[in-house]
Every structure is written in structure tokens, then in C-alpha cells.
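The sequence and structure are shown first.

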Amino acid sequence: MNKIFITGVSGLLGQALVEMFLQNDFFVYGHYFQHQPEDQDNAKWLQGDLSSLKKIRNFLGRNQPDLSGCEFLINNYGPITIKDISALTADDYCHDFFHNVLTAIEITDFFIQQTRLRSVINIGFENIGKIMPYKKVLPYAIAKNALLLITKSHAETYQPIRFNLVSSVSLNGASEILKKNQTVSPRKVAREIFRIIGSNKSGLNIMIK
Ligand SMILES: NC(=O)c1ccc[n+]([C@@H]2O[C@H](COP(=O)([O-])OP(=O)(O)OC[C@H]3O[C@@H](n4cnc5c(N)ncnc54)[C@H](OP(=O)(O)O)[C@@H]3O)[C@@H](O)[C@H]2O)c1
């Protein structure tokens with residue numbers, strides 16, 4: 001049975017990802033922070049606070065026996081900060097860079113070193129790859145675009161491991177909707193992620209609307 005580790009499984013996209021991978025005969029190791037999902041066959045929930053490198057390393061260390069069997073990884077955790085540019089401080093940039101980029105790097109490095117990693121999906125956002133001005137989500141946009149560069153660089157460096165980045169417009173049910181007339185169901189995004197993680201493609205930046 002294929003085994004996958006997914007961060008943030010108690011969130012909107014995370015729940016849809018768990019459902020998609022369980023339906024397709026994966027064993028899912030799912031990370032959550034404060035909201036433990038209900039027990040399910042072929043799933044194990046791993047509690048962890050990912051808010052500092054020390055906490056991430058503790059989380060990875062104590063779950064090493066479970067995680068070392070995973071060949072698939074989805075770095076789904078990645079919070080957004082909504083704030084006018086004029087109100088931003090350096091802390092806001094640090095926050096979004098840490099939570100969207102460093103968490104993914106730290107977890108990915110662990111998997112590269114300690115597992116037989118085959119495929120990784122990182123998660124972007126709707127304007128990924130576009131050079132444009134922002135009014136409300138600048139630190140998040142910077143962080144997600146850094147993640148895109150990292151994804152493409154890892155794809156080149158760590159062949160034959162596959163690294164792809166999947167983005168979407170706002171998810172149905174999200175508390176922050178960037179463009180009101182454009183949303184997508186988490187299930188549709190999860191289905192595309194499932195398709196891409198199993199393909200032989202690497203270094204892709206895929207947008208789902
Ligand atoms: N929402 C959107 O419209 C949208 C659009 C495009 C891209 N994305 C991207 O899609 C991905 C998933 O987003 P989402 O909206 O589905 O997320 P979400 O619903 O906001 O879920 C947040 C997740 O983060 C966990 N979490 C919160 N604080 C944490 C901490 N200190 N340490 C560890 N985990 C913590 C939560 O765990 P608990 O609930 O257990 O505390 C939960 O599982 C993200 O990368 C996001 O940037 C989202």
C-alpha cells in the first residue's frame with residue numbers, strides 16, 4: 001500500500017486530500033494542530049505545532065518511524081496573512097515566509113534524507129508566477145512565489161524525485177476569498193493533486209480553476 005504524509009489535514013483542502021487518497025487505496029499519515037480528524041481506516045493522525053523550527057524538528061523526530069515509510073508528501077500547510085501594505089511590518093514578512101516556505105523546506109529535507117521519497121506536491125495560490133502589485137497579501141504572495149522557485153530547483157536537483165506545485169483560485173468555503181466571483185471546490189483541487197502526484201512529470205506549476 002502506498003503511504004503519504006499530508007500537512008494540515010484538518011483544514012479545507014486537507015480534508016478533501018485525505019478523502020481522495022483514502023478512496024484511492026493510500027495509507028494516509030495526516031498532520032493536524034488543534035482539530036484532530038475522526039478516526040478512519042488506513043489513516044493515522046499526527047498532532048504537531050509547526051510554528052518554529054524546533055517544534056517542526058521535534059514533530060519529525062518523534063514521528064520518524066511512521067514517516068520513514070512514506071514515499072509521497074504534500075506540503076499543504078500554508079496560512080495567508082491579509083493586511084494592507086501600509087500596515088505591514090517585517091514580522092508579517094517573516095511570518096508568511098516561515099509558515100509557507102521554511103516549514104515546507106524543513107519537512108521536505110527530512111523526507112529526502114530519511115525516506116524513499118518519490119513525489120512531492122507544494123501548494124501555491126491563484127496569482128503564482130505573476131509579477132504584479134499587491135494591496136493585501138504581499139508577504140503571502142512573496143512566500144508562495146519563493147516556494148515555486150524552490151519546487152523547480154528541487155525538481156532539477158533531486159531527480160528522480162518528482163516535485164510539482166499546484167495552485168488554485170480561492171477554495172469554496174474559505175474564510176478569505178481573493179476574487180469573489182471565482183472559487184473552486186477543494187475536491188476538484190484534491191483530484192488534480194492526486195493525478196499529478198502519481199504522474200512522471202516534475203517541475204510543473206499547475207493552476208486549477
Ligand atoms: N483557502 C484558499 O482559498 C486557498 C486558495 C489557494 C491556495 N490555498 C493554499 O492551500 C493550502 C491549504 O489551505 P486551506 O485554506 O485548506 O487551509 P485551512 O483550512 O486554513 O487549514 C489550516 C491548517 O493549518 C493547521 N494549522 C494552523 N496553525 C498551525 C500551527 N501553528 N502548526 C501546525 N498547523 C497549524 C490547521 O490545523 P488545526 O485546524 O488542527 O489547528 C489546519 O489543518 C495552503 O497552502 C493555502 O495557502 C488556499
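## Basis and terms

A residue is termed buried when 20 or more other C-beta atoms lie within 10 Å of its own, exposed when 12 or fewer do, and partly exposed in between, with C-beta atoms placed from the backbone. The model is predicted: local features need pLDDT of at least 70, side-chain atom pairs count only at pLDDT 80 or more, and totals for chains, interfaces and linings use all residues. Residue numbers start from 1 along each chain as its sequence is written.

## His99

His99 lies in helix α4 (residues 90–114); helices are DSSP runs of H or I with at least four residues, numbered from the N terminus. His99 counts as buried because it has 20 C-beta neighbours inside 10 Å. Beyond its neighbours within four places in sequence, His99 contacts Gly78 and Pro79, a contact being C-beta atoms, placed from the backbone, within 7 Å.

Residues up to four places away in sequence aside, Ile193 touches Leu17, Ile74, Ile121 and Val166.

## Contact of α1 and α6

The contact between these helices involves Leu12, Leu13, Ala16, Leu17, Met20 and Phe21 of α1, and Pro186, Arg187, Val189, Ala190, Arg191, Ile193 and Phe194 of α6.

Terms used
Two residues are in contact if their C-beta atoms, placed from the backbone, lie within 7 Å. Helices (H or I, at least four residues) and strands (E, at least two) are DSSP runs, numbered from the N terminus.
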